[in-house]
Amino acid sequence: MRWISGSDLGWRPRRFALLCAMALLSTALSVALATPGQAATEGLNPNQQRALDIYKELIEINTVTATGDTAKAAEAMAARLRAAGFPDADVHAFSPAPHKGNLVARLRGTGARKPILLVAHIDVVPASREDWSTDPFKLTEQDGYFYARGSGDDKYMAASFIANLIRYRQEGYKPDRDIIVALETDEEILDKGCARHSMAAEKPPRPDRCRIRAQ
């Protein structure tokens, strides 16, 4: 089983993207890095509780690449953003194949600098119940750690991005660049089901291509 720590963030992005992503993760990090033996979910403020709720929802949607439903996960995260006030034009959930889903969302900034693109994947590898001491598709907290399939790779990062986009909008934060979040399917099988989406142009995504580009 995988447990959450700051080190789980280190392998995925390139160095520049990692530095930028780390700056965005303060909301969910405070949820995850509780002292061992102390319940990580005790005494949460509203922002932390929202981050935990998003994380739990994403974890408990089965997104095993071959048999799960990343489209359901993408739509769930899109619904969270729309409920927080993001306009439809800035939230795109799309399905390149049955049960396959991607999400691209944008928090608009001043435009003084080029956009930044933050990417996480929402598919996971299989998990057999008999191999786990807990249900791999239920978020379980034990001794200050969270256990579940995808708890670190990579739903922790995906949930952190969504939680922070919501917080930024609610607090009226306007960065000097657009912040674009892309949650992709099929990373575990070399991105076969992801889609190309030109985020600068307000055009529907093209499910026949696989590169995500921020302009």
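Keep in mind that the model is predicted. The helix pair is helix 4 and helix 5, whose axes sit 9 Å apart. The backbone spots are a cis peptide bond from D153 to D154, plus positive phi angles at H99 and at D143.

**How the two helices pack**

- Two packed helices are described by the angle between their axes and the distance between the axes.
- Here, helix 4 covers residues 70-83 and helix 5 covers residues 155-170, and they pack at an angle of about 15°.
- Angles under 35 degrees count as roughly parallel, so helix 4 and helix 5 are roughly parallel to each other.
- As for handedness, helix 4 and helix 5 cross in a right-handed way.
- On the helix 4 side, the contact is made by M77, R80 and L81, which meet I162, L165 and I166 of helix 5.
- Sort the residues of that contact by type and you get five nonpolar, no polar and one charged.

**A cis peptide bond**

- The bond from D153 to D154 is cis, and its omega is near 10°.
- You'll find D154 in the loop between strand 5 (145-147) and helix 5.

**Positive phi without glycine**

- H99 isn't a glycine, yet its phi is positive, at about 70°.
- Look for H99 in the loop that links strand 1 (91-97) and strand 2 (100-107).
- D143 isn't a glycine either, and its phi is positive at about 55°.
- D143 sits in the loop between strand 4 (140-142) and strand 5.
- With 59% relative accessibility, D143 counts as exposed, because the cut-off for exposed is over 50%.

Definitions and conventions
Residues are numbered from 1 along each chain as its sequence is written. This is a predicted model: local features need pLDDT of at least 70, side-chain atom pairs count only at pLDDT 80 or more; totals for chains, interfaces and linings use all residues. Side-chain values use heavy atoms; hydrogens and water are left out. Axes are lines fitted to C-alpha atoms, for helices over the stretch in contact, and angles run from 0 to 180 degrees between N-to-C directions. Helices (H or I, at least four residues) and strands (E, at least two) are DSSP runs, numbered from the N terminus. Angles under 35 degrees count as roughly parallel, over 145 as roughly antiparallel, 65 to 115 as roughly perpendicular and the rest as oblique. A crossing is left-handed if the near helix is turned anticlockwise from the far one by less than a right angle, and right-handed if clockwise. Contact means heavy atoms within 4.5 Å. Ala, Val, Leu, Ile, Met, Phe, Trp, Tyr, Cys and Pro count as nonpolar, Asp, Glu, Lys and Arg as charged, and the others, Gly among them, as polar. Buried means under 20% relative accessible area, exposed over 50%, partly exposed in between (1.4 Å probe, protein chains only).
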